[in-house]
Amino acid sequence: MLNNKTKARLIVFSAPSGAGKSSLIKEVVSNSSGNIDLSISATTRPQRNGEEHGRDYFFISDEEFNKLKDQNSFIEYANVYGYQYGTLKSFVDEKIKNDINVILDIDVQGFDLIRSSIKEHVSIFIIPPSIMELENRLVSRGLDSEEVIKKRLKNVQTELKYAELYDYIILNDQFENTLNELTSIIYDKNYKYDKKININLLKDLLD
Ligand code: 5GP
């Protein structure tokens, strides 16, 4: 998909919380020798333990977020689990200008906006092996309260319904296998991907 002749582009990644998307993205970026970077979004969500302003997100107030919205500073933005999140136009433009492909780790609403407004993008939706596995991962990573986990799980069916709209649906079962598949999708022009198989996996999850 990526080659030296084409202009740098956007790679949209979405997944239900706990599907393992962040760890996969981290590996894709660190294996990319600098030609893929992750966009750092702005959010009004409170900072979690271990997160850093400017590295994980730009943590800003509602007032600041609304000001940026009014100034048309976002490529897309959405309200996710009660907080605002947005992709900063200036951040992405700077990377593309320097021929760096940009990963957008965004929710399904944000993808819907990108899909209708930006032609040059590739979209990947990561699915977990089962809803139970998702719940186990959310509980064991210990980042969110019980209430937040409930909210996130409640949203999963809605998120999964969007998955069919993405170019690729990838099952994250074994981390290394998933990473290999992502690497092929991103770098191998001849990679044969069978969407039908993964749509069937998706249907199982929706049942
Ligand atoms: P978290 O709070 O766990 O970091 O992220 C919650 C959700 O917000 C995830 O699904 C993540 O992909 C999404 N998200 C993060 N940044 C953005 C953004 O800039 N725009 C949109 N639309 N969603 C985002």
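Contact is taken here to mean heavy atoms within 4.5 Å. In this predicted model, helix α7, which spans residues 175–187, lies in that sense across β1, β2, β8 and β9, and its direction runs at about 160° to that of β9. The strands concerned belong to an open sheet of five, arranged in the order β2-β7-β1-β8-β9 with parallel pairing. Because β2 (36–38) and β9 (168–171) stand at the edges and have a single partner strand each, one side of each is left without a neighbour in the sheet. From one strand to the next, the twist averages 25°. A further helix, α3 (residues 89–97), lies across β1 (10–14), β2 and β7, and runs at about 150° to β7.

Strand β2 is joined to β7 (residues 101–105) by three bridges, the two strands running parallel, and I36 is placed opposite N101 of β7. Strands β1 and β8 pair over five bridges, likewise in the parallel sense, with V12 standing opposite S123 in β8. Four bridges then connect β8 to β9, which run parallel; here I124 has Y168 of β9 as its bridge partner.

Strand β8 (121–127) is mostly covered, since seven of its seven residues are buried, that is, under 20% relative accessible area. In a regular strand the side chains alternate between the two faces of the sheet. For β8 both faces are covered: H121, S123, F125 and I127 are buried on one side, and V122, I124 and I126 are buried on the other.

The burial of nonpolar residues was examined next. In soluble globular proteins, nonpolar side chains tend to be buried together. The largest nonpolar core of the model comprises 43 residues, and those with the most contacts inside it are F13, L104, I124, I126, I170 and L182. Strand β8 gives the most to this core, contributing five residues. Apart from its neighbours within four places in sequence, I126 is in contact with F13, S14, A15, P16, A19, L24, I170, N172 and L182.

A second open sheet contains four strands in the order β4-β3-β6-β5, and its pairing is mixed. Its edges are formed by β4 (58–59) and β5 (74–80), each of which has a single partner strand, so that one side of each is left without a neighbour in the sheet. Strand β3 (residues 42–43) is joined to β6 (residues 83–88) by two bridges, and these strands run antiparallel; the bridge partner of A42 in β6 is G86. Helix α2 (residues 62–70) packs on this sheet, where it touches β3, β5 and β6, and its direction makes about 45° with that of β6. Helix α3 also packs on the sheet, touching β4, β5 and β6 at a direction of about 30° to that of β6.

Packing between helices is illustrated by α5 (residues 131–141) and α6 (residues 146–162), which meet at an angle of about 145° with their axes 11 Å apart. The crossing of α5 past α6 is right-handed. On α5 the contact is made by I131, L134, E135, L138, V139 and R141, and on α6 by I149, R152, L153, V156, Q157 and L160. These residues divide into eight nonpolar, one polar and three charged.

Within α5, L134 has a relative accessible area of 0% and is therefore buried. Beyond its neighbours within four places in sequence, L134 is in contact with P16, S17, G18, A19, P128, L153 and V156.

Another position considered is K195, which lies in helix α8 (residues 195–206). Its relative accessibility is 25%, so K195 counts as partly exposed. Leaving aside neighbours within four places in sequence, K195 is in contact with E164, Y166, D167 and I169. K195 and S22, 173 residues apart in sequence, lie 22 Å apart in space from C-alpha to C-alpha.

Note on methods: Residues are numbered from 1 along each chain as its sequence is written. This is a predicted model: local features need pLDDT of at least 70, side-chain atom pairs count only at pLDDT 80 or more; totals for chains, interfaces and linings use all residues. Side-chain values use heavy atoms; hydrogens and water are left out. Two strands pair if DSSP finds at least two bridges between them. Axes are lines fitted to C-alpha atoms, for helices over the stretch in contact, and angles run from 0 to 180 degrees between N-to-C directions. Buried means under 20% relative accessible area, exposed over 50%, partly exposed in between (1.4 Å probe, protein chains only). A crossing is left-handed if the near helix is turned anticlockwise from the far one by less than a right angle, and right-handed if clockwise. Ala, Val, Leu, Ile, Met, Phe, Trp, Tyr, Cys and Pro count as nonpolar, Asp, Glu, Lys and Arg as charged, and the others, Gly among them, as polar. A nonpolar core is a set of buried Ala, Val, Leu, Ile, Met, Phe, Trp, Tyr and Cys residues joined through side-chain atoms within 4.5 Å.
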